[in-house]
Amino acid sequence: MKVVAFNGSARKNGNTAILINCVLDELMREGIETELVQFAGKNIRGCIACYKCIELKDRRCAIHNDIMNDCIEKMMGADGIVFGSPVYFADLTAGIKGFIERAGMVGRANGDLFRRKVGAAVTSVRRAGAIHTFDSMNHFFFISQMIVPGSNYWNVGVGRDIGEVDKDEEGKATMRLLGQNMAWLIKKLQE
Ligand SMILES: Cc1cc2nc3c(=O)[nH]c(=O)nc-3n(C[C@H](O)[C@H](O)[C@H](O)COP(=O)(O)O)c2cc1C
């Protein structure tokens, strides 16, 4: 059993990574393998609407000069997928948006590649826009026929400077519970 997480922040090991790691730590405690891919410095562009994925149905994006196809492989091989994005102008980052456009098109072009995998979204915020960002990421999971567990609050942590989210005990507890629920669900789906 494996979960792969994607951090769409422009900052490596920032607040979003801290929150994602709270989720991953719980998954590892439950014996689930995890991997974190951070987009910082990686320049993932959006879909170019070439429709090659629909024409070729080869489970690949036609843009080959970035990490996208490696990431799609990782998603296909995983039981669970975590998206993390800080709030940028009350929405998700350009990196995670581009990722969603391209993984979404490749998935749909090939018979919903991520169908019935478990998906969870995590967001970090200084003040406003977290629920919209959380919802935007969930749109990918729902149209991909994925199954989305919850926590006891929406998956949001509060902080501005790198590491500030560490002080948000409620946010971190939300993430730990999310990790536990994700592990429970992944194990149930394996039965
Ligand atoms: C370009 C940009 C736009 C931002 N827009 C918002 C915003 O709309 N609302 C907000 O509360 N915080 C906003 N922030 C703050 C980040 O969401 C916050 O610092 C977050 O914790 C960063 O997470 P990271 O450390 O993973 O990058 C913005 C930050 C940047 C760099």
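Predicted model: local features only at pLDDT ≥ 70, side-chain atom pairs only at ≥ 80, totals over all residues.
Q: Why is Ser136 called buried?
A: Ser136, which has its place in helix H5 (residues 130–143), has a relative accessibility of 14%. The word buried is used for values under 20%, and therefore Ser136 counts as buried.

Q: What makes the pair Ser136 and Asp91 a polar contact?
A: The side chains of Ser136 and Asp91 are joined at 3.4 Å, and the limit for such a pair of N or O atoms is within 3.5 Å, so the pair counts as a polar contact. Asp91 is also among the residues in contact with Ser136 when neighbours within four places in sequence are left aside, together with Leu92 and Ile100.

Q: Why is Ser85 called buried?
A: Ser85 is placed in strand E3, and its relative accessible area is 0%. Since buried means under 20%, a value of 0% puts Ser85 in that class. Not counting residues up to four places away in sequence, Ser85 touches a list of residues that includes Thr16, Leu92, Ile96, Val122, Thr133 and Met137.

Q: How do you know that Ala5 is buried?
A: Ala5, in strand E1, has a relative accessible area of 0%, and the limit for buried is under 20%, so Ala5 is called buried. Leaving out residues up to four places away in sequence, Ala5 touches Ile20, Leu24, Glu35, Leu36, Val37 and Val82. Ala5 and Ile72 are 67 residues apart in sequence, while their C-alpha atoms are 12 Å apart in space.

Q: Why is Lys57 called partly exposed?
A: Lys57 lies in the loop between helix H2 (52–56) and H3, and its relative accessibility is 49%. Buried would need a value under 20% and exposed a value over 50%; 49% falls in between, and so Lys57 counts as partly exposed. The phi of Lys57 is near 50°, which is a positive value in a residue other than glycine.

Q: How do you know that the buried residues of H3 are on the same side of the helix?
A: In helix H3 (residues 68–76), the residues Met68, Asn69, Cys71, Ile72 and Met75 are buried. They cover an arc of only 155° around the axis, and therefore they are on the same side of H3. What covers these buried residues includes strand E1 (2–7), strand E2 (33–38), strand E3 (80–86), helix H4 (94–109) and H5.

Q: Why are H3 and H4 called oblique?
A: H3 and H4 pack at an angle of about 60°, with their axes 11 Å apart. Roughly parallel would need an angle under 35 degrees, and roughly perpendicular begins at 65, so an angle of about 60° makes H3 oblique to H4. The crossing of H3 and H4 is right-handed, and Met68, Cys71, Ile72 and Met75 in H3 meet Phe99, Arg102, Ala103 and Val106 in H4.

Q: What makes H1 oblique to H6?
A: The axes of helix H1 (residues 15–29) and helix H6 (residues 169–190) cross at roughly 40° and come within 7 Å. Because roughly parallel is kept for angles under 35 degrees and roughly perpendicular for 65 to 115, the angle of roughly 40° makes H1 oblique to H6. The contact is made by residues that include Leu19, Cys22 and Val23 of H1 and Met175, Gly179 and Met182 of H6, and the crossing of the two helices is right-handed.

Q: Why are H4 and H5 called roughly parallel?
A: The axes of H4 and H5 cross at roughly 10° and come within 10 Å. The limit for roughly parallel is an angle under 35 degrees, and therefore H4 and H5 are described as roughly parallel to each other. Ile100, Ala103, Gly104 and Arg108 in H4 meet Ser136, Met137, Phe140 and Ile143 in H5.

How values were computed: Residues numbered from 1 in each chain as written. Heavy atoms only, no water. Helix = DSSP H or I, 4+ residues; strand = E, 2+ residues; numbered from the N terminus. Buried < 20%, exposed > 50% of the residue type's maximum accessible area, 1.4 Å probe, protein only. Polar contact = N/O pair within 3.5 Å; in protein donor to acceptor, adjacent residues only side chain to side chain. Contact = heavy atoms within 4.5 Å. Arc of directions from axis to C-beta. Axes fitted to C-alpha atoms, helices over the stretch in contact; angles between N-to-C directions. Parallel < 35°, antiparallel > 145°, perpendicular 65-115°, else oblique. Left-handed = near helix turned anticlockwise from the far one by under 90°.
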